Amino acid sequence: METFKIILLTVAVCVQVTPQESTGGPPIQIPKPNISKNSTHEVLYSTETVTLHCKVSIRASELQYDWYKDSVHLETDHQFSISVTNGGSYECKAKNGSSESEKSDSYTITLQDLPEPQVQSDWTEAFPGEKVSLQCVIPGSETWTYMWFKGSETISSDETSIKDNTLTLSVKSNDGGPYMCQAKLKDRTVETAKSKAHSLTVYGSEPTVVLKQDPSYLEIYTGEQVKLTCSIEQNTSKWEYKWQKDSVEVNSQTYTISNATLDRNGEYTCTISRRGMTFAKSTKLNIREPPRPELSIESEWKSFYPNETVTLKCAIDGDSNEWGYEWFRNGHQLSGDGDISISGNPLSIRSAKASHSGQYSCRGKHLKRTPVTTGQTGALQLHVHDNTPKPDISKDQWFEPFYTGEKIQLGCNMPGDGWKYDWYKDSKPFIRDPMYIIHSASPSDTGVYHCTAKRGNFSVDSETLQVRVEEPPQPELSIESEWKTFYPNEKVTLKCSIDGDSNEWGYEWFRNGHQLSGDGDISFSGNTLSIRSAKASHSGQYSCRGKHLKRTPVTTGQTEALQLHIHDNTPTPDISKDQWFEPFYTREKVQLGCNMTGDGWKYDWYKDSKPLSTDPTFTINSASPSDTGVYHCTAKRGNFSVDSETLQVQVQDLPKAQVQSDWTEAFPGEKVSLQCVIPGSETWTYMWFKGSETISSDETSIKDNTLTLSVKSNDGGPYMCQAKLKDRTVETAKSKAHSLTVYGSEPTVVLKQDPSYPEIYTGEQVKLTCSIEQNTSKWEYKWQKDSVEVNSQTYTISNATLDRNGEYTCTISRRGMTFAKSTKLNIREPPRPELSIDSQWKSFYPNEKVILKCSMNSNEWGYEWFRNGAQLSGDKEISFPGNTLSIRSAKASHSGQYSCRGKHRKRTPVTTGQTEALQLHVHDNTPKPHIRKYQWFDFFYTGENIQLGCNMTGDGWKYDWYKDSKPLTSHPNHTINSASLSDTGAYHCKAKRGDFPVDSESLQVRVEARPPAVLSLETELSDIMSGNILTLRCNVSDGKQWSYAWFENEKQLNGSSDMYKVTATEETIKSEFKCKGIRTERPLYSALSEGFTANNIILKRKILLAISGCVICCIVFLIIGCLVLRLTRKPEKKETVQDDLFFSMADSKNQTASPLEEYMDNSPTEMEECEEKEELLTDRVSDVNVDVVIKDEDSPAAEPNGLTSFKGL
């Protein structure tokens, strides 16, 4: 049996070696795979499909994959990837022929059900005009996009405002209905179901405000509590309520007045508001005092005597049935007793007593509105006497005796009310009345009087009273002055007298039988009548009578009449004048006389209201100017005076003669007139003098007061005149001299131009003045140009024009003499300015500086600026330095047609014409420079060309480029010819024009490394043994489809496969090979792989195979040795077995003894140990064969079992 096992072991070792040699390659050890998924999302939903990948860390062709779900094998096509639509625990393993990996770690896929969206909103109802927001809420943190539906219709953002997950409605009447939402994940085919409907009710145009009052009485009594409640008829919520009366506001739905007062009367307004909408409604609250009861007594009197019946009544107008009553005496509430009973609203005292006296009052108490009571009535005083008095007789103005015609009034009074009275004279009844009146007493009314008071069956007599009646005394009338005929304004006094007690009497006056009353002229003082200023109307028959001062109706009889006469007019004194002149001249005599018709007059003279003398005649023997004034005389008689008319007396000094003439100069041949003028209207005769010589009428022309000269050269000199009054010895002195200057043969004409510039600009005003060099006047001037004439000393051209150029002639004339002189006027257009702009562009952006320039070749000009035809003035932004207009910070409002014109600095009105308009445009906004991107991608690969362009609308821009705020270049375009990773960053450009910069938006440029190409050696043992062939593989592992380009010593080789076979020669094993991926889409190529040089890899591998063959032979020899030893062994003898030179153990402590040694030490187990050794050797040979494919040619790798691999040989 043991021999059979040894043979079987030998065959097994040979079987392991032989098939591998016969198939041409060893089996592959496949590492444990890992599972990955294509999605990076944390949460996966049940509607999504997930792709799982089974990844192995080595590259091997023709691998197949098995997939497992929840440990159950899945039927698949053994691909690298599978698509999963169900959750679970997934595993995979890779295999190649008989080789397979162990299963991967399980990978759990959890697919969640789609979340349900929910419409959330506080609002389920609204009114048109309100804003309502609905939110679509989904649990989780994914980024969703949202769709909204009203019923079955999709809501578009054109109709409403949709932002993120919020739908905002500006409510219209047709917006009511069910609203739903649905969500969709961005970049994923995940879409939720529609949410449950959220119903929105839209009411009519506005809410119906309902106001209620509790209690609802039309009138609230003071002291009551009242509540005003504000509500909305529709079923709505979230309203804010505010009650307002006058300036008082209460933020509540209910306004409560706990204790109503009159000042709470008025209109109350409830204002409701919600979402910016406000509505109001008002109600009026009527608060009044409770009705006040009226207290009355049913009897006519309030004062009673013992045992009388008293009834009081308390009454409220209106709804009296709603009121009960409470009674009070002296403030204390009453209740019924034996004498007092209370039934309904009356209180009855059956038998009055003195103890029932007091202040009685009552009040109402509402039978239904419990707390409402009226105020108490005013107190009613009830008095019950202890005893019964007698009636009292009262006498009104009692006299002893009475005069006839007087009023006698007697009264009968009994304390208390309800009494009736009877009167008796000498014990005979004659009248029933409380009062007995004799309106006009006569002597027959003399007698004894008394009265009787009755009330019910009760009567009482008064005491008796004696009455006596007599006739009044008779007055006398007299006049105090000595005459009875008067003039207007005189004073008249009449006197009326009564003998005896005259101080007790007043007087009444009568004229022509009619009683007089005082007025402005007539007054009554005591017993006299005075007419202060008599008039003709005061004439007539005067009489008087006495009237008792204390006893008003008592008057005497009238006196006999007295005749009084007053003239219609008062004559004025007459002033007489002897030889009267107006005026008098000094030393003349003035005599005046005063006379008044009638006798007894005295006269006073006055000058200017100052008294002079008392005489009928007033004489001034030698008048002087101081006697000039207003004179009048006054005639007096008694205390009455009359002024005469005033008389103006004028005394003057002799007038002075004066020579008057408009001419103080003349030229020979002219005619000159001189007048001798004296003030006044007297008739004068005149004399003329030249120097001291009298001028005779033979030499000149003299007529009346005028001297006329035909001027000769010797007529110059002083001229005087003198005058004399006809029929009066009055002669003036000579006048002052009037000088006459006589010039040479003709006047010198002088022409002046103002302004005196040699050239006048069109539009200027120019004046041409014509004057005489000599000091002369009265000339007539006429200017003439062509056929135009102007009769003026000055020729004014208000607005010079070119057609006014030319020669102007001034002609002067006077007294038939004419002279002329000419001048030339030059007029031309002002120079025209030129308008330019300092910049090369005419279109500007906000905040740019703009400078316009208005140019003229002279420093004498200022400039005016216009925009759209309207003149500009400086402000904070526009200034005018020199000949420029500067806009410091341009705005859109500065756009327009600009023009300018020159304005002469010295010649104020001179302005040039406006320049042609220059259109200036300032944009509303400053656009940012536009960055152009050529062949733009989300990211660039290293080595690619990146080209950016910067463009700003308008002219004159320069551009600067920045990366991460660091300056790069100054050019409109920025080009990166071969991008590198360091070129990643934020790029922006800045457009500059003048000192105005504008930054563009930043642009993120991302540069990523090209996918790497990995070159590996894929040579199999059969290739090396058959023909020294090297197989190279190029791989770009980014999941895209690649072709490949191969390079030998930097030269491209033919072929595009990922495998390249190289025949090993002395030349090729020294060459460096590289590869890269190529494709028709970006990236067009990968990074170039690292270089590979074959060197002596072929030799190394042949040596490795030779060593492997030696190992196999050693194993065979070892097995044979074991058999020999078994047959020849000696159990008692032990030999030390040398270490196996083929294996170098890493840990000497764990070294295993050789099979022969084990066999000698323990013969029963020798076969088992040989078998273990055989398995160990078999494993090592398998390790050598699996490691045929080598990736690292430089260093040996330590193996897990302490053996040294030949991988690096």
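# Briefing: strands, salt bridges and burial

Strand S104 and strand S105 (residues 1029-1035) run antiparallel and are joined by four bridges. Two strands count as paired here if DSSP finds at least two bridges between them, while helices (H or I, at least four residues) and strands (E, at least two) are DSSP runs numbered from the N terminus. Bear in mind that this is a predicted model: local features need pLDDT of at least 70, side-chain atom pairs count only at pLDDT 80 or more, and totals for chains, interfaces and linings use all residues. Residues are numbered from 1 along each chain as its sequence is written, and side-chain values use heavy atoms, with hydrogens and water left out.

**The S104-S105-S108 sheet**

- S105 belongs to an open sheet of three strands, ordered S104-S105-S108 and paired antiparallel.
- Strand S104 (1014-1017) and strand S108 (1059-1063) are its edge strands, so to speak: each pairs on one side only.
- On average, neighbouring strands of this sheet are turned by 25° against each other, direction ignored; axes are lines fitted to C-alpha atoms (for helices over the stretch in contact), and angles run from 0 to 180 degrees between N-to-C directions.

**Whole-protein numbers**

- The protein has five helices and 110 strands.
- Of its 1209 residues, 40% count as buried, where buried means under 20% relative accessible area, exposed over 50%, and partly exposed in between (1.4 Å probe, protein chains only).
- Its accessible surface is about 68,300 Å², with 45% of that belonging to carbon and sulfur atoms; areas come from the Shrake-Rupley method with a 1.4 Å probe, and for residues only the protein chains shown count as cover.
- Take the contacts with a separation of 6 or more: 61% of them are between residues 24 or more positions apart, a contact being heavy atoms within 4.5 Å.

**Salt bridges**

- The count comes to 46 salt bridges, each one a side-chain nitrogen of Lys or Arg within 4 Å of a carboxyl oxygen of Asp or Glu.
- Aspartate 521 and lysine 535 meet in one of them, at 3.0 Å from N to O.
- That pair is 14 residues apart, with aspartate 521 in the loop between strand S52 (514-515) and strand S53 (522-525), and lysine 535 in the loop between strand S54 (528-531) and strand S55 (540-548).
- Aspartate 521 is buried at 13% relative accessibility, whereas lysine 535 is partly exposed at 40%.
- Lysine 636 and aspartate 604 also form a salt bridge (3.6 Å, N to O).
- Lysine 636 sits in strand S63 (residues 629-637) and aspartate 604 in strand S60 (residues 602-607), so this bridge ties together parts 32 residues apart in sequence.
- Lysine 636 is partly exposed at 37% relative accessible area, and aspartate 604 is buried at 15%.
- Arginine 1082 and glutamate 944 meet at 2.8 Å, N to O.
- They are 138 residues apart: arginine 1082 is in the loop between strand S109 (1072-1078) and strand S110 (1092-1093), glutamate 944 in the loop between strand S95 (940-941) and strand S96 (946-951).
- Arginine 1082 is partly exposed at 25%, while glutamate 944 is buried at 15%.
- There's a network too, linking Glu125, Glu130, Arg274 and Arg275 through salt bridges.

- Threonine 769 is the bridge partner of lysine 752 and stands opposite threonine 794 in S81.

**Isoleucine 30**

- Isoleucine 30 is in the loop between helix H1 (2-23) and strand S1 (34-37), and is buried at 9% relative accessible area.
- Leaving out residues up to four places away in sequence, isoleucine 30 touches Val56, Leu63, Ala94, Lys95, Asn96, Ser99, Glu100 and Ser101.

**A nonpolar surface patch**

- Phe1117, Ile1120 and Val1124 make a nonpolar surface patch of about 310 Å².
- Patch residues have over 30% relative accessible area and no salt bridge; like charges are joined within 9 Å, and nonpolar side chains (Val, Leu, Ile, Met, Phe, Trp, Tyr) within 5 Å.
- Valine 1124 is in helix H3 (residues 1097-1128) and is partly exposed, with a relative accessible area of 45%.
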